[in-house]
Amino acid sequence: MSFEGLPAKATGKKMTFLESIYLVEIVRGLGVTISHLVKNIFATEAMPTMQYPEEKRVYSDRFRGRHHLMQREDGTPRCVACQMCSTYCPADCITIEGAEHPDPSIEKYPASFEIDLLRCVFCGLCEEACPCDAIRLDTGIYEIAADDRAKFVVDKEFLLHNKSDGTR
Amino acid sequence: MPIVLESLAKIVFMFLLILGMVPVLIWAERKGAAFIQDRTGPNRAAIGGVRLAGLVHPIADVLKLVFKEDVQPDARHKAMYNMAPWAAMTIAVSSYAVIPFGDFITIAGRKIPLVVADLQVGALYVLAVASLGTYGVVMGGWAANNKFTFLGGIRATAQMISYEISMGLALMGLMLVFASLRITDIVAGQGDLIFGFLPKWGVVVQPLGFVLFITAVFAETNRNPFDLPEGESEIVAGFHLEYSSLKFALFFMAEYCHMVVGAALISAFYFGGYQIPWLPRPVLEAHAGGLLTGKLIAIIIVSGIFAVLFLRRAQKERNKFGDARDREPRIGAGLWLMVAAGAAGALLLKPWHIGPQGAEMVASIAQIFAFVGKVVFFAWLFIWVRWTLPRFRYDQLMHLGWKVMLPLGLANLVVTAVVMALV
Amino acid sequence: MSNSQYNILSSRFDRTDGHKLPVYEADGGYKALKMVLSSMQPAEVRDTVKESGLRGRGGAGFPTGVKWGFVPPDADEVYFFVNADESEPGTFKDRYLLDYDPHGTIEGTIISCFAVGDRLAFIYIRGEFGWLIDRVQAAVDEAYAAGYLGKNILGSGYDLEMIVHKGAGAYICGEETGLINSVEGRKGQPRIKPPFPAVAGFLNKPTIVNNVESVASVPWIINNGPEAYKKFGTEKSCGTKLFSVSGPVKKPGVYEIPLGLPFREFFHDWLGGMVDGEELKAVIVGGSSVPVLPAAEVMNVNLDYESLANAGTMLGSGGMIIIPESCDMVELIQVLMHFYYDESCGQCTPCREGTGWLHKLVKKLRGGEGTAGDLDLLEHVCQGMAGLTICPLSDAAVMPMRSFIDKFRPEFEALIQETAPVAGSSRWPRGEQE
Amino acid sequence: MAKLTIDGKEIEVPDGTSLFDACREARGEPLPHFCYHPDLSIAGVCRLCQVEVEGMPKLTIACNTGVRDGMVVSTRNERVTQAAQQILEMHLINHPVDCPICDQAGECGLQNQYMKYGLYDSEVEIADKVNKAKAQVIGPHVILDKERCVLCSRCVRFCDEVTGTSEMGIFNRGNRAEIGTAPGVELDNNYSLNTVDICPVGALTSRDFRFQKRVWMLKAANSICPGCATGCNVRLDHEAGRLYRIKPRYNPDVNGRWMCDRGRMLYKAVHDENRLLDPARGGQTLRWAELDTDLLAGDGGLFVTSAHQSLEEMFLLKKLAAGGTVCGGLAGSDTGDSDELLLNADHTPNRQGLGLLDLPEMNGAALAEAISGTTGPVVVHGGNPAGEDVVAAALRGHGRTVYIGSHDNETAQACNLVLPGAVWAEKAGIFANRDGRLQAFSQSVARAGSSREDWRILAELAGGEVPGSLRAVREELAEALDLTEVNLNKLPARGLAPVGATSGGED
């Protein structure tokens, strides 16, 4: 679709009589739409529509998909429950409860970490706010569906293993 | 007794025609909209993995709507609420009674006029039933007891009143020209030629009347650009907001029935109905054999071309998807080949040697096809316009109805009357 | 090692058994005390000392008589401390004094206590000087036995008790309030001033803390009069001063010199120049805490307070360190920085964190991991430490650091040239950019 | 008075004021500082409050400088701000910057001052920092993180000067110096959590509040501690209907800047599982609407309030008991530990209020007798008189007993009708402290379950002429107390000192 040739802004030009009775313009409009129709019938392949479940659009690496919590080497979350993300979150969708970690070198860890995906607006500010690089929206998952509201509230275990390779 | 059978047969035919067109129109609406907007449109519903370009969708829709839960508002007016969709549907279909879909057909020596009820005041009947059409909408809107549905009903009423007048004025011009209120007369009158070459169609003798009429019909059918009763952007879904399941389906179907009726009225009043231009009935009957042969040959050629195209595509895309859809081009090719084979089989019956009785039958069927073809075109026009024009604002709608179309309709009537008086 | 010409303090360094009371008395010891107790008023003693122009020999150079005058005249209790917590690297004059002439210090202390009206005196000796404590304690015991200490000294009605206090080992206890804290049993760290100790010090009573050398000069001044004392030295820097010289000179050791002696003369004539095969590179004149002077500059200075201040350094405690050409200045500063890092008491933030940072940076530099901005960073750290703390330890670390970079920058730069400068490292301050 | 010029602004302050306070007054905000605390001695170790005094060659710290007439001081010139910035940088060199897991984040001196005076890029690698012990439990209430400490010594001075217990000290020297408790000693005095309050950084944090909530999410409400008769002014920090901690609020006439650890833990009672949530008769839960309207029908009756209730509630109960006997509750109940600083032996907040309204307390036997002796209803409002067995037995023996209270206790068990009242954090009211000082507290969190404000319950029980609002109750109360010129709805911030009494507390 090209916008070339269109005026950059409304010109405020007076309509001619022919234009003002509208009929000719309607016919011209019909011509425009039918030309699209005809063109597309004979060039189905050229249409930009993707056959979604079979074909998938390749998104940029920066695409913000479903969140995931980064793990330390031992599989525990990197998150230290500082609640920067929940503080910063414009949708107020992150709920964290901190607790004492048995390992004194970690000190604080999230006893629970929940994200309400229905509230989330995928703005990525939680990533920005995180001082530990613990939360990322890098799974690339955009197919988020469930048959129950409660299932959209995902917990720490889910987020820890929420990978784009489909292993949850 | 035979006359009852006759009428029943005609009613059934009309019903099948209209109801048969509804799913096709829905399909055309969706696919047409999609192609106009550079999309592919619905193509998911499939039978055994074969998708048939979305043709299965209307079936799936019907199944879905039939089996869906019928959610009803607590505060509805029960009787009205239940009646409304049926009213809409019934009224939409009933105006068809007076529209001739052919001249006549002779079966078993009986010359049967191809119209359900050849009323003397057919045109008035049309106007009357059309204005009843709004009742379904108003009832539904009011009975659901919801602000949005109510607004939709109100809008429908106001809109109907505004455009009914223009519609009537436009038709009055036509009645003056053909000097009859009987629709069969009007259609028959359009078989003539004026100046020896121009078909005496309503659109030719009443061009302004045609414009007013078609605009009014669009408005009466609540189709874009006049679909304010269901203006999504302001009142969610308007009058049918509170309807679901089969009742919603009825409203939905009523809209398409309205479209078919509207298309039939336009064809009957302004495009010669079943008349084929330059081929009046006697000429048709005289050359029936040749015409039929030519048609069959044309069908063989065209369907052959399509079959070849599909075969090539089948060759090319043998394993494009890796599932049942790879069979679709082959099925298409098979269908076209069957059509070609059927036509070729018909040729074997030596259609150029049909007798006078056969010729008359062919002529009748040809005229029915002509009528159906016109109806299909105007039904498509409804769809086409919908995906071309934006919706009016309500004040624009009223302005157009009262301050443009009404004066123009009056002027048209006066001018027509004067011309008729002078001629 | 004394020079007979200047024997105010060092006359008895060569004396056999000079630390013993009979020998001291035989040399005319306690004569001044007897004179003071028999014929002078405390105020007279204070005036005499003030007139002599004696300046504190601990490093700051504050006139001793003036300091005594700060004691409120109506104070009921006054305490007197002799600061023998000599821990400055390169300084070992007090140790000599107490080792060879403890009675000189004790006599001076008694006179000073009399002058300020004190009844209890402490000699605070650095804990590492184990033998010295025994020796001084023995001398004090002798003095008690001889009636120079205790009740009614020499029948004058003046009482004085003297305690030899063993320090617990921190450089900062040499700072007067740190010393007081230490004796009180608190953590040895300086107190915030005001109030100054002369007004509220030990147990919140007026307290005078004087260096050993200052106190030891007092008997001579009493005996010979302030005028005689003023004959030595220059107009503003009166008297003689002990210098403890270390480094590869032919004759290192403790020297008593008249203030104002040209360094060139001291170096060539007294010290005998460098040992063979070494060239003079630089001199730290007054102990490790003062700025260093390169050879070219040091040859033109005189050894007195004013001349050295003009040259950009300080007389300090007289711990002169002679640095030969073969010495790696970066290594030297690393040693010094380690000293201050280790000795910072940890009270004031700039010093506590700054000394550690300086040490880390110098260590990193010397390890070859220095980057282009490091010298600027060192200066930046110094700037954040200088003059912002309770006591001068922070300045003591900053002064050599700054002077080493200033005077021997090429040696530092040589270490970091091999390392590529860090690109895009944003420098202080960032706030303005935003 | 001394006249001095600070940043070009002339101000006059009394002689003996510290330059720090003079600067605070002139600037409208304090100088950067960590070690200075108005209630503690001067340490002068953080070195942040450097100012330039005309005539002095070096910068000087304002906290240890007295004002002098004619002093000209600059607090914002380049030299001063640069020094402050550099000293702040020194503070942060060995700070772990673990703000994400630090409970102090949000109310931290280092954070605030960095944002104000710092804003430089750090020159120190994390690996170069000096490591010290983290998360050391040093007492029943306090946890210590030595790395975060800026060695301001406020806690040391607090323990030396305020409590006199001297548990804390600074050990080691140089940048190895660290705060700690002496070997074998725990920071276990009754005021240990005040060290957490005065700690400008996250070195000392409360074990109780640890990791419970980020402080910036908390909202604060002013209140009065109900723990003892001292009536410390407190701030209730709450969020989403939950109390998280209690902090002292400055009131020089009552508690200064301190409060005891016992008082700080009282918020737990608000969210206790033991709370009464619904009205109940004989253990059967009711709805308020199902209560009989003629609960108090009959002659006389006994009405027992307690020293835990607010003045308004006592007053209303007294009014309610027009024809019956009124009693101030169990004499000598809720007494316990005390100390010389703040904690009073009387662990009720409003026993003086009983005196003001002339409600005598009874001992157990007398109360039991009074209960058995009345034929009318017995209304027990708050407290736990059935803690004494004779009273419990008497209550059980009486047919018409009503308990209005907040927690399920022996009295609630013994009475047949139980009405859930609000705890002090859930309602507003006035307490009279040990000196008779009237202090108002306000509601901070929503009431638990279907409990109601006590004054509303009492007003409804009374029926007939009931005041429609707490405001109206207070107006009547003021009249009854003969405090006509005082507006009880708007008590002064420091509370209303009793007429004729000396200003209480440690002024």
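This is a predicted model: local features need pLDDT of at least 70, side-chain atom pairs count only at pLDDT 80 or more; totals for chains, interfaces and linings use all residues.

Colleague: Which helices and strands make up chain A, in number and in order along the sequence?

Modeller: Chain A has 5 helices and 5 strands. Their pattern along the sequence is α-α-β-α-β-β-α-β-β-α.

Colleague: What makes chain A more spread out than a compact globule?

Modeller: For 168 residues the globule rule gives 15 Å, whereas the radius of gyration of chain A is 25 Å; that value is well over the rule, so chain A is more spread out than a compact globule. Along its principal axes, the C-alpha trace spans about 85 × 40 × 30 Å. In chain A, 33% of the 168 residues count as buried.

Colleague: Why is A:Ala81 called buried?

Modeller: Buried means under 20% relative accessible area. A:Ala81 has 0% relative accessibility, and therefore counts as buried. This residue is in the loop between strand E1 (68-69) and helix H3 (84-88) of chain A.

Colleague: Where is D:Leu151, and why does D:Leu151 count as buried?

Modeller: D:Leu151 lies in the loop of chain D between strand E7 (142-144) and helix H4 (154-162). Its relative accessibility is 3%, so D:Leu151 counts as buried by the cut-off of under 20%. D:Leu151 is not a glycine, yet its phi is positive, at about 55°.

Colleague: How do you know that chain B and chain C do not touch?

Modeller: Contact means heavy atoms within 4.5 Å. The nearest C-alpha atoms of chain B and chain C are 46 Å apart, and the two chains do not touch. Chain B and chain D do not touch either, with their nearest C-alpha atoms 30 Å apart. Of the 3 pairs of chains in contact, chains C and D share the most contacts.

Colleague: Which peptide bond joins C:Lys193 and C:Pro194?

Modeller: The bond between C:Lys193 and C:Pro194 is cis, with omega about -5°. The peptide bond from C:Pro194 to C:Pro195 is also cis, and its omega is near 5°. C:Pro194 is in the loop between helix H8 (176-184) and strand E4 (207-211) of chain C, and C:Pro195 is found in the loop between H8 and E4. Most peptide bonds are trans.

Conventions
Residues are numbered from 1 along each chain as its sequence is written. Chains are lettered from A and ligands numbered from 1 in the order in which they are written. Side-chain values use heavy atoms; hydrogens and water are left out. Helices (H or I, at least four residues) and strands (E, at least two) are DSSP runs, numbered from the N terminus. The radius of gyration is taken over C-alpha atoms; the globule rule is 2.2 Å times the number of residues to the power 0.38. Buried means under 20% relative accessible area, exposed over 50%, partly exposed in between (1.4 Å probe, protein chains only).
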